[in-house]
Amino acid sequence: MSIEPHRDPRLQRLRTKLEQRPPEQPTESTSEATHAAVALVLRQRLDYDVLLIKRARSDTDPWSGHIALPGGKWDVSDTDMLHTAVRETEEETGLQLESPRHHLGGLDIAGPFTQRVPELTVHPFVFAVPTEAEAWVNSAEVETVLWVPVPLLRAPESRGTTRIMLPGGPQTFPCFKIFGEVVWGLTFRILSDFLVRAP
């Protein structure tokens, strides 16, 4: 039998380590393209799994084919950035997140380092769901979904580097190498931030 996230002492310890910041609300004058939110979803197992997606390949998507956290751009109909993360996660993976039942807190706001992608402010939120929670490909923007064990992300053999071709030439970035995929860039930095805070 699974333990509800709000009753799991491990998650309560994690909750206390996460900075509690109010969801940041873009103003009406803010372009929705400049703000996005992602969900770092933990599924309870003996340890925990993290939900990742592989984005579908598309000539119009600067993150085409990348491993990412579910999420997307803020929409004027969203009440705040937390709502954006919840809405986008359901649209992409079918997984319904409830706040405050599943919401644990936020991670540091981040953004891309390279000029090859649009300027973006990304708001990461951490959630926990029960053992029986399922996710699936629910959008043409997603190729597949992956549940990745947190211990695998912590394992030294999962760390490495990858060379990415940028307008100024190839550049080396730190990454995770999991299930034959490379996780780098913004997703790598958000996951690394989480791993530092997680008990």
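Reply: On a 1 Å grid over the protein atoms alone, a pocket is an open set of points with protein on both sides within 12 Å along at least five of seven lines, and lining residues have an atom within 4 Å of a point. This is a predicted model, where local features need pLDDT of at least 70, side-chain atom pairs count only at pLDDT 80 or more, and totals for chains, interfaces and linings use all residues. Residues are numbered from 1 along each chain as its sequence is written, and side-chain values use heavy atoms, with hydrogens and water left out.

Me: OK, which residues line the second largest pocket?

Reply: Its lining consists of Arg10, Leu11, Leu14, Leu42, Asp47, Tyr48, Val150, Pro151, Arg154, Phe194, Ala198 and Pro199. The elements giving two or more residues to that lining are α1 (9-17) and α3 (150-154). Helices (H or I, at least four residues) and strands (E, at least two) are DSSP runs, numbered from the N terminus.

Me: And how much space lies in it?

Reply: The second largest pocket holds about 180 Å³, a volume being the space filled by probe spheres set on the grid points, which are joined across faces, edges and corners.

Me: What's the lining by class?

Reply: There are 9 nonpolar, no polar and 3 charged residues. Ala, Val, Leu, Ile, Met, Phe, Trp, Tyr, Cys and Pro count as nonpolar, Asp, Glu, Lys and Arg as charged, and the others, Gly among them, as polar.

Me: Switching topic: how many salt bridges?

Reply: The structure has 12, each a side-chain nitrogen of Lys or Arg within 4 Å of a carboxyl oxygen of Asp or Glu. One of them pairs glutamate 92 with arginine 55 at 3.7 Å, N to O. Glutamate 92 lies in helix α2 (residues 81-93) and arginine 55 in strand β2 (residues 48-55), so the pair ties together parts 37 residues apart in sequence.

Me: Are those two buried or exposed?

Reply: Both glutamate 92 and arginine 55 are buried; that means under 20% relative accessible area, with exposed over 50% and partly exposed in between (1.4 Å probe, protein chains only).

Me: What about arginine 87 and glutamate 91?

Reply: Their side chains form a salt bridge at 3.2 Å, N to O. The two are 4 residues apart in helix α2, so about one helical turn separates them. Salt bridges with shared partners join Asp78, Arg87, Glu88 and Glu91 into one network.

Me: Last one: how many bridges join β8 to β9?

Reply: 8 bridges join strand β8 (residues 159-166) to strand β9 (residues 169-178), and the two run antiparallel. Strands pair if DSSP finds at least two bridges between them. β8 and β9 form a hairpin with 2 residues between them, and arginine 159 has phenylalanine 176 in β9 as its bridge partner.

Terms used. On a 1 Å grid over the protein atoms alone, a cavity is a set of points where a 1.4 Å probe fits but cannot get out, and a pocket is an open set with protein on both sides within 12 Å along at least five of seven lines; lining residues have an atom within 4 Å of a point.
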